[in-house]
Amino acid sequence: MADHFSLRLAASRMLAPSVRHMAFERSDGAAFAFVPGQFLQIHFNYADGKPTKRSYSVATIGAGDGSPVPRIEIAVSYVEGGAATELLGNLTEGQSVDASGPYGRFCLMEPDANRRYLLVATGTGVTPYRAMLPQLAVLMPARNVSVALVYGARNESELLYGDEFEAFARENPRFQFYACLSRGARAQPRPHDRNGHVQVALEELEPDPAHDIAYLCGNPNMVDQAFALLKDAGLPIPHIRREKYVSSR
Ligand SMILES: Cc1cc2nc3c(=O)[nH]c(=O)nc-3n(C[C@H](O)[C@H](O)[C@H](O)COP(=O)(O)OP(=O)(O)OC[C@H]3O[C@@H](n4cnc5c(N)ncnc54)[C@H](O)[C@@H]3O)c2cc1C
């Protein structure tokens with residue numbers, strides 16, 4: 001059930017040259033209940049006073065038991081001339097914004113009986129998967145399911161939370177993290193790095209309609225292209241779950 005509340009910026013840091021990690025706390029001190037994969041909306045007015053809102057996926061890593069979290073973390077990618085970019089890019093610690101949520105159903109589903117998840121993202125589209133890590137840590141051994149996170153970025157500096165995903169992969173052998181770099185390899189490439197777009201790793205993983213469920217999140221063009229690839233591989237449409245980061249003006 002969505003709730004309206006004020007959020008105060010508690011901390012922030014740059015994740016990449018144009019992506020800001022922002023950690024908020026509710027101004028009323030309440031904890032925030034959400035299911036990993038959900039998003040919130042930030043409400044504000046244009047310069048002419050007209051109200052508008054933008055959506056941001058919750059990136060917070062919770063306890064993994066569904067208990068509410070004290071901080072709502074999001075990663076905001078700066079868009080040239082963007083209204084929310086202007087607001088969130090200039091917000092300083094202690095300042096507040098209006099928000100509502102949680103929303104959305106881009107979440108792991110209890111009744112799934114697949115053998116593998118293919119989690120695919122570009123840019124800030126990786127944030128729902130960061131929030132899902134505690135759930136995946138429980139689910140992988142419990143259901144003997146494996147997970148391939150296929151993450152597309154132009155170069156190493158744009159791999160958001162890359163070190164966290166690498167560390168999670170080291171601790172969880174059923175989890176693999178593919179970094180697909182389209183405009184330049186790392187100075188020291190890692191075993192699961194791939195040159196090119198996410199489709200390169202997806203094809204290599206040989207999507208299997210009998211065993212795979214895919215999640216696609218981020219740039220709408222990537223989502224459409226990966227959807228076509230997975231559909232051609234025979235995955236049924238209910239097993240290709242999508243979240244497109246379109247502007248909600
Ligand atoms: C469910 C959902 C979850 C989302 N989660 C996130 C998230 O976690 N992090 C995040 O950064 N964004 C996320 N978005 C996108 C976000 O809601 C805004 O659309 C984005 O921040 C741009 O808003 P803006 O007001 O700065 O730009 P706008 O004022 O909306 O747009 C300014 C101009 O830039 C263009 N534009 C808008 N978005 C983009 C883009 N992504 N790339 C290039 N040009 C663009 C517009 O067409 C317009 O011309 C999500 C969107 C959805 C629907």
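Partly exposed, in this talk, means a relative accessible area between 20% and 50%. Ser 6 has 26% relative accessibility, so Ser 6 counts as partly exposed. Keep that cut-off in mind; we will need it again. One caution before we go on: this is a predicted model.

Let's stay with Ser 6. Where is it? Ser 6 lies in strand E1, which covers residues 3–16. Along the sequence, Ser 6 and Gly 29 are 23 residues apart. In space, their C-alpha atoms are 9.9 Å apart.

Next, strand E6, residues 96–103. Pro 102 sits in this strand. Look at the peptide bond between Gly 101 and Pro 102. Cis or trans? That bond is cis, with omega at about 0°.

On to helix H2, residues 127–143. The bend is about 50°, at Leu 133. A proline, Pro 134, follows within four residues.

Which residues of H2 are buried? The run from Thr 127 through Pro 128, Tyr 129, Arg 130, Ala 131, Met 132 and Leu 133 to Pro 134 is on the list. Leu 136, Leu 139 and Met 140 are buried too.

H2 has a partner, helix H3, residues 162–171. The two helices pack at an angle of about 0°, and their axes are 12 Å apart. Angles under 35 degrees count as roughly parallel, so H2 is roughly parallel to H3. Who makes the contact? From H2 come Tyr 129, Arg 130, Leu 133, Leu 136, Ala 137 and Met 140. From H3 come Glu 164, Phe 165 and Phe 168. By type, the residues of this contact are 7 nonpolar, 2 charged and no polar. Leu 133, then, is both the site of the bend and part of this contact.

Now the residue that follows H2, Asn 144. Asn 144 is in the loop between H2 and strand E8, 146–153. Asn 144 is not a glycine, yet its phi is positive, about 50°. Buried, exposed or in between? Its relative accessible area is 47%, so Asn 144 is partly exposed. Beyond its neighbours within four places in sequence, Asn 144 is in contact with Arg 115, Leu 139 and Arg 174. Leu 139 is one of the buried residues of H2. For Ser 55, things look like this: Asn 144 and Ser 55 are 89 residues apart along the chain, and their C-alpha atoms are separated by 34 Å.

Last stop, Tyr 161. This residue is in the loop between E8 and H3. Tyr 161 is another residue other than glycine with a positive phi, near 60°. Buried or exposed? Buried means under 20%. Tyr 161 has 6% relative accessibility, so Tyr 161 counts as buried.

That's the tour. Thank you.

Technical notes:
Residues numbered from 1 in each chain as written. Predicted model: local features only at pLDDT ≥ 70, side-chain atom pairs only at ≥ 80, totals over all residues. Heavy atoms only, no water. Expected span 1.5 Å × (residues − 1). Bend = angle between axes of the 7 residues up to and from the residue. Buried < 20%, exposed > 50% of the residue type's maximum accessible area, 1.4 Å probe, protein only. Axes fitted to C-alpha atoms, helices over the stretch in contact; angles between N-to-C directions. Parallel < 35°, antiparallel > 145°, perpendicular 65-115°, else oblique. Contact = heavy atoms within 4.5 Å. Nonpolar A, V, L, I, M, F, W, Y, C, P; charged D, E, K, R; others polar.
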